Amino acid sequence: MTQYRTAIIACGTIARVHARGWLGAPGQPTAIGAIADTNPDALREFGDFFHVGQEHRYTNYREMLDQERPDFVDVCSWHQQHAEMVIAAAARRPKAIICQKPMAVDLGEADAMLTACERNGVKLLIAFQRPHHATWLQARELIRQGVIGKVMQVQLDDGGNILNTNSHNIRLALFLMDEPRVKWVMGAVERTTDQVERGLPAEDACLGLAHCENGATILIQGNLVRGLGQGCRVIGSDGVMELDTTRHPDSEIPTDLPMYMPEGPSARYNYEIGEVRYLNSGSNGWQTVEAPWHDCWSHQCQEAIDWVEGRIEQPISGAGHARAVQEVMMALFESARKRQRIYLPLRTRVNPLKLMVEQGDLPVEWPGRYERRARLVRGEGMSWEQRAT
């Protein structure tokens, strides 16, 4: 039985994934009560597909928040709008807010989001969904039990830029080790082209090392080697564990049609599968970890409900964990900017990569600005900044 209403801000591809997550929670306790987007086509398509009435569709998200007063607010916009929208939503005091990853574009924004939610008594979650995979939850339990001994290093090796893809993997590394504090970060970045990702300057590649208080290190290899992608390799004193992702066959995945599908069916994310295997001195070869599959996004939405209802105190997707990821990413960039190891807590509040670009410290070899996500922009615009409002 429906008990709660969720309002979704921004009706793009990831919002469809979030909506399926809410509607897939056991017993469907939450309805999609209202939506907001500045693009009329996105608003219409999403509203029709998820059966949101015309009277609950808004082009101004603040008007939606004031008129609807939802229980949950789900921020599905691009990176540079996260802080603004979360702070605005917190001022209206819903029970909880879920914001798509990454938390923000710099540490100052992340802290402002936490402050806004704290002063208004609002719970804040950041949608790093993959720790909610059934097998990845089981993997953490096996690591706790010592199946690979003491964790020595977690290796990350995904393509793309750090804010988008390796932010997932940094979150995974900290999750698997039960959220240790990071003591210092050393990093380097390569930026030979003038690329932006969702309107924000992005690196071509990065390399970083984060040292944790438990003695383990996190090796970050962004767009450098072809490795596990969305996952990681955990090196222990008595074994190795590897985590990866795959998906159900396309024939089993619901379509988005008649909605616009620039990246194919969005439900691929809802039907994602986390794969885990480990090897130790007594395993007699690789052992596959099994666990009953569930939609990790629905698991995350259920966690938000459970947190609001007092059944849990430390949610996997709590914003404090996302803030730790933000600090590691910004410290990696700050290490590249200052050419030294950066001890945490990080004192730089802005995005150091953006600062380096603006100050001319990272001159490009092949000029010509381009947007990595141009295919997602509707209308005539070819970048996030040029999109219709």
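Arg69 lies in the loop between helix H3 (61-68) and strand S4 (72-75). Helices and strands are DSSP runs, numbered from the N terminus (helices: H or I, at least four residues; strands: E, at least two). The model is predicted: local features need pLDDT of at least 70, side-chain atom pairs count only at pLDDT 80 or more, and totals for chains, interfaces and linings use all residues. Residues are numbered from 1 along each chain as its sequence is written, and side-chain values use heavy atoms, with hydrogens and water left out.

Backbone geometry is taken up first. Most residues other than glycine have a negative phi, and most peptide bonds are trans. Arg69 has a positive phi, near 45°. Its relative accessibility is 47%, so Arg69 counts as partly exposed. The classes are buried (under 20% relative accessible area), exposed (over 50%) and partly exposed (in between), with a 1.4 Å probe and protein chains only. A positive phi is also found at Arg339, near 55°. Arg339 sits in the loop between helix H10 (319-338) and strand S17 (342-343). With a relative accessible area of 71%, Arg339 is exposed.

Two cis peptide bonds are described here. One runs from Lys101 to Pro102, with omega near -15°. Pro102 belongs to the loop between strand S5 (96-100) and helix H5 (107-120). The other cis bond joins Leu257 to Pro258, with omega near 10°. Pro258 is placed in the loop between strand S14 (239-247) and H8.

Lys101 also stands out for its side chain. The residue is found in the loop between S5 and H5. Lys101 is buried but has no salt bridge. A salt bridge is a side-chain nitrogen of Lys or Arg within 4 Å of a carboxyl oxygen of Asp or Glu. The nearest side chain of opposite charge is that of Glu197, 6.7 Å away. For charge, Lys and Arg count as positive and Asp and Glu as negative; His and the chain ends are not counted. A polar atom of the Lys101 side chain lies 2.7 Å from the backbone oxygen of Asn164.

Helix H3 contains Asp66. At 37% relative accessibility, Asp66 is partly exposed. Its side chain makes a polar contact of 2.8 Å with that of Arg92. Such a contact is a pair of N or O atoms within 3.5 Å; within protein, one must be able to donate a hydrogen and the other to accept it, and residues adjacent in sequence count only if both atoms are side-chain atoms. Asp66 and Ala89 lie 23 residues apart in sequence, and their C-alpha atoms are 9.3 Å apart.

Phe49 and Phe50 form an edge-to-face pair, with centres 5.0 Å apart and 70° between the planes. Rings of Phe, Tyr and Trp (its six-membered ring) pair if their centres lie within 6.5 Å; planes under 30 degrees apart count as stacked, over 60 as edge-to-face and the rest as tilted. Phe49 is partly exposed, at 25% relative accessible area, whereas Phe50 is buried, at 10%. Tyr271 and Trp293 have ring centres 5.9 Å apart and planes at 25°, so this pair is stacked. Tyr271 lies in the loop between helix H8 (267-270) and strand S15 (272-280), and Trp293 in the loop between strand S16 (287-288) and helix H9 (296-308), so the pair ties together parts 22 residues apart in sequence. Tyr271 is partly exposed, at 24%. Trp293 is likewise partly exposed, at 39%. Ring pairs also link Tyr4, Trp22 and Phe72 into a cluster.

Charges sit over two tryptophan rings. The criterion is NZ of Lys or CZ of Arg within 6 Å of the ring centre and within 35 degrees of the ring normal. The charged end of Arg198 is 5.5 Å from the ring centre of Trp78. That of Arg277 is 3.8 Å from the ring centre of Trp286.

Helix H9 was examined along its length. Its 13 residues should span 18 Å, and the end C-alpha atoms are 19 Å apart, which agrees. The expected span is 1.5 Å times one less than the number of residues. Of the 13 residues, 11 are buried, so H9 is largely enclosed by the rest of the structure. Among them are Cys296, Trp297, Gln300, Glu303, Asp306 and Trp307. Asp295 caps the N-terminal end of H9, with a side-chain oxygen 2.8 Å from the backbone nitrogen of Trp297. Gly310 follows H9 and has a positive phi, near 85°.
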